[in-house]
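This briefing covers salt bridges, helix packing and nonpolar cores, in that order.

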Amino acid sequence: MTIADLLSLEREAKEAFENMWLGYTHTQGSPELRRDISKIYSKITPDDLAVCTGAQEPIFLFSHAVLNSDDEVIVQIPCYQSLQSVPESIGCKVLSWSVQYEKNIPCFDIEALKKMITNKTKVIYLNAPHNPTGFLFTKEEQQAIIELARINNIIIFCDEVYRELEHKPSFAIPAFADAYENGVSIGVMSKAYSLPGLRIGWLATQNRTILEKVTMLKEYTTICNAGPSEFLAGIALRNRHAILNKNLKIIQHNLPLYDTFFTKYADFFSWYKPNAGPIAFVKMHFEINDMAFAEQAIKKKGVLILPGGVYDFNGYFRIGFGRQKIPEALEQFESFVLENLVEK
């Protein structure tokens, strides 16, 4: 979207934007923006939020606010790199709760998670909807994880940047910050709302001790957010259903195209069709290294797929279906497959 697109969503927004004051903003985020963000949640109030720069900053700040070098953490993997690398940089022992595939369907074994917990476990890092598999917990699975954490006094940190892009309302689960008193949820304008240029994200939690530590540490990183970005993010959030509906229509248009493609080329690929978010993981049924396969796809056809080796999960690649030009990209990818797999 453009600035003009956003300003057109509300009367008098253009004039207000042009006349806004360009001084420092609140470290925790403007009260108006925190009010707008809180409406995404059921229990989180404006006072339970810290607005940050994107999602990377709150991941970094949270980890440094709560972790010590002798702590253990459990990370749902494959994962967004900083969920794993930031705790490692602090000196924590990082245990991997890895995805398992049963008949091409990703799952995370909660009994396996239970066995990984020790008296040193401080945080369980999750991602829901999950990048890169597209997996989303059921409400029952979510509650089982929360009960494990509650019994063992463990914080749950959940990266929820694709939340509100559930393909059907019935697939949605509560934010972990709403569902658990020691839950921490991360949100951002970049993903579900398709506004990465605003660089606005946030941390939500009912645990005020965590929130205060994060806010204090922010004084040593960005200090405060850009006022114009906070203003524009507020407009987007007050009109988020219009934006989400537009983005979901793109997803719903593209998903059947992938269904057709992977059915046609089932000898070479298999995939799990997600029920939330704009990404999925594809399994390769041939010997070519996924890194080399992705490199050739972009060199020969200009098509970007993310190889599983980036996640230390070889034999897969990540695809996206949240862009309007997916039909053209898929046509180019099919041409690549025909030339490099079928005809060989």
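Asp 259 and Lys 273 form a salt bridge through their side chains, at 3.2 Å from N to O (a salt bridge is a side-chain nitrogen of Lys or Arg within 4 Å of a carboxyl oxygen of Asp or Glu). The pair links distant parts of the chain, 14 residues apart: Asp 259 is in helix H11, and Lys 273 is in the loop between strand S10 (269–271) and strand S11 (279–284). Helices (H or I, at least four residues) and strands (E, at least two) are DSSP runs, numbered from the N terminus.

The model is predicted: local features need pLDDT of at least 70, side-chain atom pairs count only at pLDDT 80 or more, and totals for chains, interfaces and linings use all residues. Residues are numbered from 1 along each chain as its sequence is written, and side-chain values use heavy atoms, with hydrogens and water left out.

**Salt bridges**
- The count by this rule is 14 salt bridges.
- Glu 339 and Lys 301 are joined at 3.1 Å, N to O; Glu 339 lies in helix H13 and Lys 301 in helix H12, so the pair ties together parts 38 residues apart in sequence.
- A network of salt bridges links Glu 10, Arg 35, Asp 36 and Arg 238.

**Helix packing**
- The axes of H11 and helix H13 (residues 326–342) come within 10 Å and cross at roughly 10 degrees.
- That makes H11 roughly parallel to H13 (angles under 35 degrees).

**Nonpolar core**
- The largest nonpolar core has 56 residues, and Phe 269, Phe 293 and Phe 333 have the most contacts inside it.
- Such a core is a set of buried (under 20% relative accessible area, 1.4 Å probe, protein chains only) Ala, Val, Leu, Ile, Met, Phe, Trp, Tyr and Cys residues joined through side-chain atoms within 4.5 Å.

Key. Buried means under 20% relative accessible area, exposed over 50%, partly exposed in between (1.4 Å probe, protein chains only). Axes are lines fitted to C-alpha atoms, for helices over the stretch in contact, and angles run from 0 to 180 degrees between N-to-C directions. Angles under 35 degrees count as roughly parallel, over 145 as roughly antiparallel, 65 to 115 as roughly perpendicular and the rest as oblique.
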